[in-house]
Amino acid sequence: MIKTNNLKKVYTTEEVETTALNNVNLQVQPGEFVAIMGPSGCGKSTLLNLLGLLDNPSEGEFYFLDEEVSKYSERQRADLRKANIGFVFQSFNLIDELTVGENVELPLLYLGVSPAERKTRVDEALEQMQIMPRKNHFPQQLSGGQQQRVAVARAVIGRPKLILADEPTGNLDSAHGDEVMKMLTELNEAGTTIIMVTHSSAYADYAHRVVHLFDGHIVTENIKERRDA
Amino acid sequence: MLRNYMIVAVRNLLRHKVYSAINIAGLAIGLACCILILLFVQDELSYDRYHEKAGRIYRFTVEWRNSRTGETAQAAKGPYRLAEVLRTDFPEVPHIIRFNRQRPLIGYGDKRFFEGRFFFVDPDVFEVFSFPLIQGDPRTALREPFTVVMTREMARKYFGDEDPMGKVLRYGDNRELKVTGILGEVPRHSHFQFDFLSSMKVANTLFNRIVLENWGENTVYTYLLLSPGVSPAGIERRFPDFIRKHAPQWAQGSRYFLQPLTDIHLHSHTRGEIEPNGDIVYVYAFSAIAVFILLIACINFMNLSTARSASRAREVGMRKVVGANRSQLVQQFLGESVFLSFLALLLAVALVELSLPAFNGFVGKALDMNYSGNLTAIFGLVGIALFAGVIAGSYPAFFMSAFEPVDVLKGTIKGGPKGAGFRRVLVAFQFAISVFLIVVTGIIYGQLEHCRNIKLGYDKEHVVVISGIPVSLRQNYEAFKQELLQNPRVVSAAGTSRIPSGQLGSNISTRAEGFPEEESPSMQTVWVGYDFFETLGMSFAAGRGFSKGAPSDKKAAFVLNEAAVRALGWTPENAIGKRFGSQFIEDWQRGQWVWKDGRVIGVVKDVHFESLREKIVPVVFFIQPNMAGNFLIRVRPDEIPGTLHFLKQKWQEFNPNRPFEYSFLDERFDQLYRTEEKQGQVFGTFALLAIFVACLGLFGLASFATERRTKEIGIRKVLGASVSNIVFLMSKEFVLLVGVANLIAWPVAYYAMNKWLEDFAYRIELGPGVFVLGGILAMVIALATVSAQAIRAARANPVDALRYE
C-alpha cells in the first residue's frame, strides 16, 4: 500500500535548516499494523504527516496505493486523503463547537454523502465505539477516554483503508489507553492498515512490526509477524 | 453542509459573547450610518423628479460678466417680457411658465396675514408641472385674471371647514381673488414651496410699466417646457442672436442658458434663488462619509475576526484533515461573516428607526424607511449587508483557510505575527479617518465662532426689524418715528431699503466726479432715512452722516463706504465734497428711475452687510425714505416685551389694516450661518461615531494582543517588570499606530478644509493648533481603550500565566 524511496524532509526557517527526515525507505503492506518509535525530535510526527498526505516531502518518492504522490497539490492530497485515510491524534482535536454526533459526521459532509446515509453511518460508528449515549454532548463534557473514542469513530466513519495514529494514548491513563489499543487492534483485524506513532514499547507491542527512528533515519525494525502482500 | 456551517457559526457567536457583541455592534453602527446617509442622498437626488415632464423642463438663467473684473454672477430671475418674446422666436417651446413672487396681505373675514409664498403664474402651469390639483379644473382654473389656487392647508387656515371653492379672498388693500382650485400635498422635494398660485393675467393691471417692459427689471422666474426631441443646446445656440435682437444693450457681458429643472436643487447657486438650494457638494461629502464609516466598521470586523483566528485554527486544521479543501473553507468563513452581517443589518435597521427623528431634525427633512414602497431601498439594504459581509469577511476567510494542518495540529499557530502587519495598517487607517473627522469638526466650529464674533462694524443686538413695508406707508415714517421716540426705551429708529444680514440686491449706476459717465462704476445702493447710521452704530472714517439740520442732506448728499471710496480711487479725506450722483424711483406708479446729484458728505467704515461669505463691496447711501421698505428700531435691552407691546400699539395706530410682524436683527444674523451650524453638528456626530467604532475595534484587538502575550507578560513579571512597564510595553505599538494615523489625516483635512473655507471671504487661518489637538484627543482615547486591557493583564498573577502551557 505504501512505499517510500529516500524520503527527505527539510524545514527551512529564516536562517536555520532542519532536516527532519533523511533517506527514509519504508514499505507498508495492506492490513499491516506498524508502530513507529523513537525519542523526542526524531521525526516521527513528520513522517506521519507525510504518510498522511498532510505535507509534501522535500525529496524522494512516495507511492500511495501505487500512485506516486510526492508532488501532489494540496487539493489532490485532500481528495486522496479524505477517501482513504483516517486520523487519530494525541490531543483528540475534536471541534468544540460541534456535538459528538456532528464531529463524527464531519468527514461524511466533505465526502458528499447524503443526509439519510450520513445519519445511519454516524449511528453505526457511535455504536461501534460504544459512545452512542453521548451523541448530543459536547467534547468539553466528555472525559479524555471518551473523547478519544469519538475521535476514533470519526476516523473510521469514512471506511478508510489506512488509519494513522499519532500517540493516541499519550493523554490517557492506562485503562483508557488499553481500551484505545483494543479498538485499534479490532479495526486492524477487520482489515484496516494501521500506522501508529508511540513512545510506549508496551503499546508498540500490539503491532506486527516496530520501526525505530532516530534523528530522521530508520535505524532498525523489530518484526513480530511479517505480513506479506 | 450549510447547516453544519450555521451551527458552528451560531455556537461560536454564543461562546464568545463579548467579541461577537463588539463585532455586530460595530458593523451595525456602520451600516446604520450608511443607511441614514443614503436616505438623505436619495432624497436630495430626487428633487423635482416627480413632475411627469421633468426631463423636458428648463429654467431660463442669465449669467452676467463684469467686463472689468471678469467676475461672473448668475441670476435666476429675468424680465417679464422675456416669455412673450421667447414664444414668438422659439415655436418649438410649447409652454413658457413665469413665476412672480409676492408677499401680499391676504384677508378673509377678519383674518389677515402676510403670505410670503404667493406666486403669480401663467395659466398653463399645470400643463408643465405636475402639481396635484384636487379641486378645480387644471385647464381652466387660472385662465381668468384675479383667480387663485391654494393649498389645502391654506384653505383650512382661512376658511376652516367650509368649502373654499368660489370664495373670495382680499388681496392687498383693494383687490379680490376668487378661489378656483385647491392643491393637495405639494411634494416636499421641490426646489421651492408655495401656498398660493394666482393667475398672471393680472399683470397688465397690477404691474407697473417698468416691470412689464424693461429688460433690466428682473422680477420673474421663467420656465420652459421643450417639445419631445428638442435639444436644449440647440436653443441655447440661438440665444446670442436672440439677445442682440431684443436687448442689444445687454448683449455684451451677458449669456443666456437653460438649466434643467432637475439640476436646480443641487447645482444652482444663482443670485435670487426662490429658496436656498442644497448643494451637490454635500451629497458627495456625505456619501464619502457613509463609505468611510462603513469601511471603518468592515475593517474592525476584519481585524477582530483575523485576530481571533488562533482559536479557530484547530478547527481549520481538523477540517482540512478530514477532507475540506481551501475553497470550502473560504466558503464557510465568508458565509459566517455574511451571516453576522445580516444580524448586524437587523440591528442597524432598528438603530435607524430609533435615530430617524433626530436625524430628520438635523437635516431638516422628513425621511423615512419606506419599506413597502421602496423596492430599491430593500435591495439596497440587502446589497449593502452582503457587500459588507463579503468585504469584511474576505481577508479573514482567505487568511484562515490557508492554515496548514501540520502547523495547526501541533499548536504552533498563534494566529499572530503573520496577519499583524496588515491589521496594524487597518487600525491606523481607522484612526486616520477618525482624526480627520475630529479636525474637520473643530475647524467648522472654529469658523462659526469666527463668524459670530468677528467685528461686524455695526451693533446687531436689540434691534427690532419691521420688513416688507409697502410704498403707501412710507411717507409716514417721520411721524411714526417721532411717536416711537417718546418712549424712553426706544433709542433710535430709521427706515432702510436693505437690512444687514440680508443681501445687497440693488446695483445702481453712479456718476462720480472725475469719471466719464459710462465708466463710473455701478454700486450697491441702500436708500435710508435719517438716523440710519446711529441706529446701527456704524462709525465714520471721514465726514458725517445725514442730519436734519442740514437741509441739503435730503436732496443732495451721499455717504459712501470705504470700499466705494477705494473703488473710485479716492481716499476718505479727499472724497468729502466730491460730486456724486445716483438713482432712485420717484414715482412708483410710473416706475421711472431718476438721477439725483449732489456731493459726498461722509465716508462710513466698512461693515459686513452681507454674510461673511461675501467680500465687502462698495455701497452708496442716501436719504430716500420712499425707497425704504424696512424699518429698524433700536430698543433698550431691559423690558423688551413691554417695548414690543408699545411698538405694536403705535404701529396699529398708523397702520390699522396691517398686522405687526417683526424680527430681531441678531436672530436674522444667526440664520445666515444656520447651514454651517448644521454641518458642524453633523460632522461632530459622525466624528464621535467614527471614533467610537474605531475604539471598539481597538478594544477587541488590544484584548487579543494581551491574551496572546499572556505568557510573555508572565515571564516579564517574574523577571521583575512593574505594572507600568507592562502597560507601556503593550501600549507602545498602538501609540505608534495612532501617530501614523495623524500624519495621514492632517494633510487630507488641511486640503479639504482649505477648499471649504474658500467659500468665505472672511475666514480663520488654519494653524497647527486644531490639528495637534485632534491628534492628541485621538491618542488619549486610544490609550484609554488599550490601557484598560493592559493594566488588567499586568496585574494578573504570573503563576497563572506560566501554567498556560
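Two salt bridges are counted between chain B and chain A, a salt bridge being a side-chain nitrogen of Lys or Arg within 4 Å of a carboxyl oxygen of Asp or Glu. This is a predicted model, in which local features need pLDDT of at least 70 and side-chain atom pairs count only at pLDDT 80 or more, while totals for chains, interfaces and linings use all residues. Residues are numbered from 1 along each chain as its sequence is written, chains are lettered from A and ligands numbered from 1 in the order in which they are written, and side-chain values use heavy atoms, with hydrogens and water left out.

**Interface of chain B and chain A**

- One salt bridge joins the side chains of A:E102 and B:R11, with an N to O distance of 2.8 Å.
- On the side of chain B that touches chain A, the elements giving two or more residues are helix 1 (2–15), helix 13 (309–321), helix 14 (326–363) and helix 16 (405–409) of chain B; helices here are DSSP runs of H or I with at least four residues, strands are runs of E with at least two, and both are numbered from the N terminus.
- Helix 1 of chain B supplies the largest share of that side, namely eight residues.
- Sorted by class, the side of chain B that touches chain A has eleven nonpolar, seven polar and ten charged residues, where Ala, Val, Leu, Ile, Met, Phe, Trp, Tyr, Cys and Pro count as nonpolar, Asp, Glu, Lys and Arg as charged, and the others, Gly among them, as polar.
- In contact terms (heavy atoms within 4.5 Å), 28 residues of chain B meet 28 residues of chain A.
- The area buried between chain B and chain A is about 2600 Å², with carbon and sulfur atoms giving 53% of it; buried area is the accessible area (1.4 Å probe) that two parts lose on being put together, summed over both.

**Aromatic pairs**

- Over all chains the structure holds 47 aromatic pairs, which are rings of Phe, Tyr and Trp (its six-membered ring) with centres within 6.5 Å, counted as stacked if the planes are under 30 degrees apart, edge-to-face if over 60 and tilted for the rest.
- B:F99 and B:Y223 form an edge-to-face pair, at 5.4 Å centre to centre and 80 degrees between the planes.
- Because B:F99 lies in strand 4 (residues 95–102) of chain B and B:Y223 in strand 13 (residues 220–225) of chain B, this pair ties together parts that are 124 residues apart in sequence.
- Both B:F99 and B:Y223 are buried, a term for under 20% relative accessible area, with exposed meaning over 50% and partly exposed in between (1.4 Å probe, protein chains only).
- B:F533 and B:F621 are also paired edge-to-face, at 5.2 Å centre to centre with 75 degrees between the planes.
- B:F533 belongs to helix 19 (residues 532–536) of chain B and B:F621 to strand 24 (residues 619–623) of chain B, so the pair ties together parts that are 88 residues apart in sequence.
- Both B:F533 and B:F621 are buried.

**Backbone and a buried glutamine**

- A:N6, in strand 1 (residues 2–12) of chain A, has a positive phi near 50 degrees in a residue other than glycine, and A:N6 is partly exposed at 45% relative accessibility.
- A:N23, in strand 2 (residues 17–28) of chain A, has a positive phi near 55 degrees.
- B:Q583, in strand 22 (residues 579–587) of chain B, is buried with a relative accessible area of 15%.
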